[in-house]
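Here are my notes for you on this one, as numbered points. Have the model open beside you while you read.

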Amino acid sequence: MPEGSFAAWSRDRLAMARRGAEECGDVWQLEPGVYVAAAAGPCEAVLRRAQDFPKASSPLFPPLKRSSGAPTPEERAHAHAARMRGLRAQAVAARIGEIASQTARFAGQWPTGQDVEILPPVRHALAEVGVSYLFSEDAPTLLPYAAQLFLAREVLVRPSRWEWPRWIPTPARRFRTRQQVAFTDALRPIIRRRRSSGRLGDDTLGQMLQPSPHYGLLPEEAILDTLPGITVATFETPTRAAGWILLHLARHPQAAGRVAAEAASLPADPAATTSTHLGSLQYTQALVSEVLRLYPPSWLLTRRAPRQTQLADYTIDAGSTVLVCPYTAHRDAREYSEPDQFQPERWLDDSGSPAKPGAFLSFGTGPHGCEGAALAMAMLTLLTAQIARCYHLSEPPGPEPSYQVTTLEGLTTVGLRLRATLRG
């Protein structure tokens with residue numbers, strides 16, 4: 001599909017979702033067997049009712065076929081739990097200094113006085129942060145393979161006129177498999193070296209290498225199968241969010257100035273930044289949350305009902321698809337006053353402390369909420385604070401940046417160019 005047609009198609013889908021929410025109510029039927037949950041209440045209900053509306057198991061990086069056989073369901077569940085230990089809020093808090101150092105380095109390297117297409121360098125910077133968080137000192141080895149995994153992901157979800165059955169080895173799927181094999185081939189000797197030396201590491205990979213009292217050691221293949229997807233996820237979705245955040249810093253200089261004033265309290269040495277410093281960036285976190293509310297990086301989530309169930313006024317038959325739309329849920333006037341307006345202050349109470357004004361689904365909710373939410377918020381908050389502290393951002397003359405519905409119903413800016421001038 002030509003680029004212009006794709007952008008128009010994206011706008012049409014967003015407009016259709018918004019129109020449907022306004023004209024048809026909280027839940028509406030798009031076509032036989034397909035329903036849209038558009039308001040906050042039904043959206044939250046679907047995501048929390050995981051038994052009635054389970055998340056489809058269709059990973060972009062499915063387990064590789066091997067002669068040794070696939071890991072068992074129990075081993076996969078153990079691998080997921082071990083990975084979660086490395087991504088929980090406490091684990092992120094312990095490594096804030098590393099994240100701050102890397103985001104500050106990106107801010108310090110932004111070229112001033114010229115128009116820059118910002119998403120590619122932001123993606124590279126956040127890939128360095130995410131891959132380093134997962135693999136620490138082994139990140140430089142794995143970063144090039146992570147970049148190729150991202151490219152394979154983009155090729156795989158590129159709009160196509162045809163929807164091929166999953167078993168057909170299309171060129172995009174063969175490319176995906178080659179990059180997945182290359183990544184796991186690079187990761188395998190790292191796992192073996194860490195285990196043989198006994199130096200497992202305190203990163204996410206190290207958490208997965210720790211023996212469990214119940215399961216013992218995770219098989220190597222279970223570790224290898226679970227890491228390609230999360231590796232890409234640590235920077236792909238945050239990059240989309242960062243594009244919208246930086247655009248809002250350029251369009252709302254008063255808000256950007258308030259972020260800059262707040263960021264002045266961060267340590268001169270970014271490595272000395274702690275979770276306490278991060279917690280003090282309350283307006284910055286409010287601004288990030290407000291942008292994520294208005295432009296959720298994943299604006300549409302898909303669930304399928306395995307059995308007949310009820311949702312609002314509809315009887316959902318077994319096999320039906322329910323589309324959960326955070327984009328319209330976040331613009332529900334029953335949850336947010338003036339829902340279309342950019343108002344970071346809505347996330348703060350009268351004393352300036354954090355508040356939760358309404359449903360917030362940018363990271364999902366319920367059993368399948370985003371496991372990397374704490375890491376993503378830390379990355380985005382520190383990146384926002386450090387860029388605003390250093391620069392005034394502005395948009396160059398010309399057409400406004402467009403947006404596309406991209407990877408897995410993601411919402412991203414297209415052709416976003418910004419200019420940075422030194423602040424103060």
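1. Let's start with Gln 180. Leaving aside its neighbours within four places in sequence, Gln 180 is in contact with Phe 61, Pro 62, Leu 64, Leu 149 and Pro 228 (contact means heavy atoms within 4.5 Å). You'll find Gln 180 in helix 8, residues 171-197; helices here are DSSP runs of H or I with at least four residues, strands are runs of E with at least two, and both are numbered from the N terminus. Is Gln 180 buried or exposed? Gln 180 is buried, because its relative accessible area is 1%; buried means under 20%, exposed over 50% and partly exposed in between, with a 1.4 Å probe and protein chains only.

2. A word on what you're looking at. This is a predicted model, where local features need pLDDT of at least 70, side-chain atom pairs count only at pLDDT 80 or more, and totals for chains, interfaces and linings use all residues. Residues are numbered from 1 along each chain as its sequence is written, and side-chain values use heavy atoms, with hydrogens and water left out.

3. Now the inside. The largest nonpolar core holds 102 residues, and Trp 110, Leu 187 and Leu 393 have the most contacts inside it. A nonpolar core is a set of buried Ala, Val, Leu, Ile, Met, Phe, Trp, Tyr and Cys residues joined through side-chain atoms within 4.5 Å. Helix 10 (residues 220-251) gives the largest share of this core, with 15 residues. Apart from this core lies another, of 17 residues, including Tyr 35, Phe 53, Leu 301 and Ile 316.

4. Zoom in on Leu 187. Which residues does Leu 187 contact, leaving aside its neighbours within four places in sequence? They are Phe 135, Leu 142, Leu 205, Leu 224 and Leu 227.

5. Next, a pair of helices. Two packed helices are described by the angle between their axes and the distance between the axes. For helix 7 (residues 139-156) and helix 10, the axes come within 9 Å and cross at roughly 85°. So helix 7 is roughly perpendicular to helix 10. On that scale, under 35 degrees is roughly parallel, over 145 roughly antiparallel, 65 to 115 roughly perpendicular, and the rest oblique. Axes are lines fitted to C-alpha atoms, for helices over the stretch in contact, and angles run from 0 to 180 degrees between N-to-C directions. Helix 7 makes the contact with Ala 146, Leu 149, Phe 150, Arg 153 and Glu 154, while helix 10 brings Pro 228, Thr 231, Val 232, Phe 235 and Glu 236.

6. On to an open sheet of four strands, with the order 1-2-7-4 and mixed pairing. Strands pair if DSSP finds at least two bridges between them. Strand 1 (27-31) and strand 4 are the edges, each pairing on one side only. Neighbouring strands in this sheet are turned by 30° against each other on average, direction ignored. Helix 2 (residues 40-48) packs on the sheet and touches strand 1, strand 2, strand 4 and strand 7, with its direction at about 120° to that of strand 7.

7. Stay with strand 7 (residues 321-324), which is covered on both faces: Thr 321 and Leu 323 on one side, and Val 322 and Val 324 on the other, are all buried. Strand 7 pairs with strand 2 (residues 34-37) in the parallel sense over four bridges, and Tyr 35 has Val 322 as its bridge partner. With strand 4 (residues 301-304), strand 7 pairs in the antiparallel sense, also over four bridges; there, Thr 302 has Leu 323 as its bridge partner.

8. There's also an open sheet of three strands, with the order 3-11-8 and antiparallel pairing. Its edge strands are strand 3 (115-117) and strand 8, each pairing on one side only. The twist averages 40° from one strand to the next. Helix 15 packs on this sheet, touching strand 8 and strand 11, and its direction makes about 95° with that of strand 8. As for strand 8 and strand 11 (residues 417-422), they pair in the antiparallel sense over four bridges, and Ser 394 stands opposite Arg 419.

9. Helix 15 (residues 373-390) is mostly covered, with 15 of its 18 residues buried.

10. Last, Pro 396, in the loop between strand 8 (391-394) and strand 9 (402-406). Pro 396 counts as buried because its relative accessible area is 18%. In sequence, Pro 396 and Asp 115 are 281 residues apart, yet their C-alpha atoms are 6.7 Å apart in space.
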